[in-house]
Amino acid sequence: MDRLRAMELFLSVSRTESFTETARIFGLSATSVSRAISDLEDLLKARLLIRSTRQVALTEAGHEYARNVEGVLWTIKEVETSVSAISAAPAGHLRVHTRTMFGLGVLTPLLAEFRQIYPDISVELLMGEKKVDLRREKVDIDFRIAPPAEAGLKRRMLFLSERHLVASPDYLRTAPPLESPWQLSDHATLAYLLPGGGFAWRFRRGDGAFDEVQITPRHVSNSGMALLELARLGEGIALLDDYTVAADLERGTLVRLLPEQRVSNTTFEEGMYATIVDTPVVPAKIRVFLDFVAGRVSGTERRFSVFSRPAAEAAPQA
């Protein structure tokens with residue numbers, strides 16, 4: 001008995017409630033379909049179907065078996081599709097979602113080099129501050145600043161990062177000194193808009209606890225790029241990821257404040273995580289893109305050399 005074929009035939013009969021319709025779908029006789037399912041019942045030592053001259057109905061065991069068989073057959077199909085994709089040259093359409101700052105500063109400069117290596121993969125790059133539903137929105141990879149909490153997803157950590165308080169030299173020339181987090185009330189601040197309202201920056205102490213400092217921002221935005229530009233223009237103090245301000249700190253267009261302090265507006269364990277749907281085998285187009293990006297930004301310092309640099313400069317030298 002071909003057990004896999006028998007499972008497919010049984011699942012079809014459970015859906016159509018008809019041996020005749022299943023026979024038509026598979027190009028078999030109704031007798032062959034009935035015999036295959038009878039053999040399956042003998043193997044399982046359980047009755048799956050109630051047969052009559054007018055209808056076919058599932059037994060309690062049949063309902064349970066149909067539910068499990070559907071998942072088994074789906075998994076087999078996914079494995080076959082993934083293995084076929086791996087055996088072929090990486091190709092196809094890749095739909096990528098990312099946080100705006102990482103997308104503009106890191107991924108965009110790398111896309112031209114990726115296309116030269118994998119010309120048969122086209123990348124659709126979507127940017128936004130909210131995480132996406134990968135299955136519903138048909139996204140292959142979502143680059144997030146926190147690991148995924150949803151079931152059925154898996155992650156690849158590219159790096160952990162910190163956040164820095166920064167301001168422009170022009171702002172600091174006329175602003176009062178800042179030697180303690182509690183002096184922020186004397187300063188103009190630039191805040192990122194988070195759900196729930198209210199604005200506070202957290203400063204971690206040596207014992208692991210943290211002090212929460214409430215701020216009244218001069219400007220608020222849901223775009224890190226807007227806050228970065230406002231800080232460059234001298235509008236106040238911004239709290240931004242280390243890799244987004246590294247080039248400005250090096251050029252001197254921004255100055256880091258309270259460098260001895262760990263500071264965040266959310267948690268202290270964020271970084272960049274590539275999130276994908278958890279499948280038995282990762283499709284080749286996803287695998288090579290993740291390996292490519294990780295090879296250029298993973299680790300402690302490598303991401304700093306990519307952000308805000310032209311693609312030709314960001315590409316590794318041969």
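A residue counts as buried when its relative accessible area is under 20%, as exposed when that area is over 50%, and as partly exposed in between. Keep these cut-offs at hand for the tour; the model on screen is a predicted one.

**Stop 1: helix α3**

Select residues 30-44, which form helix α3. This helix has 15 residues, and from its first C-alpha to its last it reaches 21 Å, close to the 21 Å expected at 1.5 Å a residue.

Now colour Val33, Ala36, Ile37, Leu40 and Glu41, the buried residues of α3. Around the axis they cover an arc of only 140°, so they sit on the same side of α3. Turn to the face directed away from that buried side and select Thr31 and Asp42, which are exposed.

Step just past the end of α3 to Lys45. The phi angle of Lys45 is positive, about 55°.

**Stop 2: a pair within helix α4**

The structure holds 22 salt bridges. Begin with Arg67 and Glu64, whose closest N and O atoms are 2.8 Å apart. Both residues belong to helix α4, residues 60-87. Three residues separate them, about one turn of the helix.

Is Arg67 buried or exposed? Arg67 has a relative accessible area of 53%, so it is exposed. Glu64 has 38%, and is therefore partly exposed.

**Stop 3: a pair between two loops**

Select Lys131 and Glu150 and show their side chains, which meet in a salt bridge at 4.0 Å from N to O. Lys131 is found in the loop between β4 (121-127) and β5 (141-144), while Glu150 is in the loop between β5 and β6 (153-160), so this pair ties together parts that are 19 residues apart in sequence.

Check both against the cut-offs. Lys131, at 52% relative accessibility, counts as exposed. Glu150 has a relative accessibility of 30%, which lies between 20% and 50%, so Glu150 counts as partly exposed.

**Stop 4: a buried pair and its network**

Next select Arg144 and Asp142. Their side chains form a salt bridge, with 2.8 Å from N to O. Arg144 and Asp142 are both buried.

Finish by showing Lys131, Asp142, Arg144 and Glu150 together: salt bridges with shared partners join these residues into one network.

Key:
Residues are numbered from 1 along each chain as its sequence is written. This is a predicted model: local features need pLDDT of at least 70, side-chain atom pairs count only at pLDDT 80 or more; totals for chains, interfaces and linings use all residues. Side-chain values use heavy atoms; hydrogens and water are left out. Helices (H or I, at least four residues) and strands (E, at least two) are DSSP runs, numbered from the N terminus. The expected span of a helix is 1.5 Å times one less than its number of residues. Buried means under 20% relative accessible area, exposed over 50%, partly exposed in between (1.4 Å probe, protein chains only). The arc is that of the directions from the helix axis to the C-beta atoms.
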